[in-house]
Amino acid sequence: MLPKVNDGEWVITLSEDSHPEQLMIELTTACNYDCVFCFRRVTNEKLNGFMEEQLYRKILDDAVKAGIKKISFTGWGETLVHPKALQFIEEAKGRGFNVLVATNGFFLDKYAEKLVSLETDELYVSVDSVEEELYSMLRVGGNLSNVTKGLLKIKKLKSEQGHLKPDVTLQVTVNNYNIKGLRALPDYGLSVHATKIVVSMMLPLTKEMEKSMACYMNKECVMEIEKMRDIAESLAPYITIILPNTTTATERKCPFVSRLAAFIRWDGKVAPCIYYAHSWKHVFEGIERKINAVIFGDLNKESLLDVWRSPDYAAFRARVYFFRMPSCLDCPVRHFCALTLSNETDCWGNSPTCAACPFSHDMVRCPL
């Protein structure tokens, strides 16, 4: 029997052919960087997990049966740290999937030839500053020159081999330190043959970090983003620049639910998104929120389609798609409400809830 959701006089039934179209696969939670704003800093979970080959092959088989069109390799770790990452990417391409690889760029010089020869469809590279010193301060353990070298190598190889892929996107986590360098990013992007720059707000890990670094709390930082919109429009024929919302006063939309996407953790557990894949905590406008991992299934034991069509997961997606949830981020009593301190439940009775999700307000973005 197909799952049903009751809402007043309405009964919503899941479509018989309901299936996911995209997967975000986390090959590992290990990383060679220690970025100052990384979620990994505030979780008690295992941070050196690696997806096993047998599980990965099972996921690919499930993905084919489920009608998946696109796989994004990213998550809470650095994809290219996994010793079999390139093999896994090649297998995904061989099965006909559109493939996106998100990376901090450290290994691009080493793996450029393989990524180009495989015609990896999309490459998302995190570049939070084009200044060496600031880059190293924000992305601890990283080296901008090494990233640039890798990007230029990919550009050269594409030209020599006549490949249009991978399509390169630069991903930027904006904050009070790097905002002044935002205008230099388009020139950098054009120099490495990037076609798009995606700017995302930083999610502070502590109240102190929010006060010192959060752009949305700083009028000058917000104004700089708004000024950048005019620059982005003028550069549209050459490079696409996507900027975040600077306010919560906007229509909400879940990037995962709207794109029929699911998140697969390194251990095979199925989460609805990258935000709820692991347990951690962060701060927004002075409110510290505990995020509990939300898991709807385990691909070690179940098929992807069975998990996707399960009553709990289907009901969750229905509530999020129509956003039958309060909006905690701009609620006038949010600073006095105990329910908003976690994603466990909300004042409308949803459990779990996405009522305080900054991704739904398009302030924060992930590669899908």
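**Figure 1. The second largest cavity of the predicted model.** In this predicted model, the second largest cavity has a volume of about 120 Å³. Its lining is made up of 16 residues, and those closest to the centre are Cys-254, Pro-255, Phe-256, Cys-273 and Cys-357. Helix 9, which runs over residues 255–258, and helix 11, residues 311–321, each contribute at least two lining residues. The largest share belongs to helix 9, with three residues. Sorted by class, the lining of the second largest cavity holds 15 nonpolar residues and one polar residue, with no charged residues.

**Figure 2. The largest cavity and its lining.** The structure contains three cavities of 30 Å³ or more. A total of 32 residues line the largest cavity; Cys-38, Gly-75, Ser-126, Arg-139 and Thr-173 are the closest to its centre. Empty space of this kind can be found by rolling a probe the size of a water molecule over the atoms.

**Figure 3. Strands and residue classes around the largest cavity.** Four strands each supply at least two residues of the lining of the largest cavity: strand 5, strand 6 (122–126), strand 7 (167–174) and strand 8 (196–201). Strand 7 gives the largest share, three residues. By class, the lining of the largest cavity consists of 18 nonpolar, nine polar and five charged residues.

Figure 4. Helix 2 spans residues 85–94, and its buried residues are Ala-85, Leu-86, Phe-88, Ile-89, Glu-91 and Ala-92. In an α-helix, residues three or four places apart point the same way, because there are 3.6 residues a turn. Just after helix 2 comes Gly-96, which has a positive phi of about 90°.

Figure 5. Gln-22 lies in strand 3, residues 22–25. Gln-22 counts as buried because its relative accessibility is 13%, and the limit for buried is under 20%. Leaving aside residues up to four places away in sequence, Gln-22 touches Ile-68, Lys-70, Arg-259, Leu-260, Ala-261, Ala-262 and Leu-368.

Technical notes: Residues numbered from 1 in each chain as written. Predicted model: local features only at pLDDT ≥ 70, side-chain atom pairs only at ≥ 80, totals over all residues. Heavy atoms only, no water. Buried < 20%, exposed > 50% of the residue type's maximum accessible area, 1.4 Å probe, protein only. 1 Å grid on protein atoms, 1.4 Å probe; cavity = no way out; pocket = protein on both sides within 12 Å on 5 of 7 lines; lining within 4 Å. Points joined across faces, edges and corners; volume = space filled by probe spheres on them. Nonpolar A, V, L, I, M, F, W, Y, C, P; charged D, E, K, R; others polar. Contact = heavy atoms within 4.5 Å.
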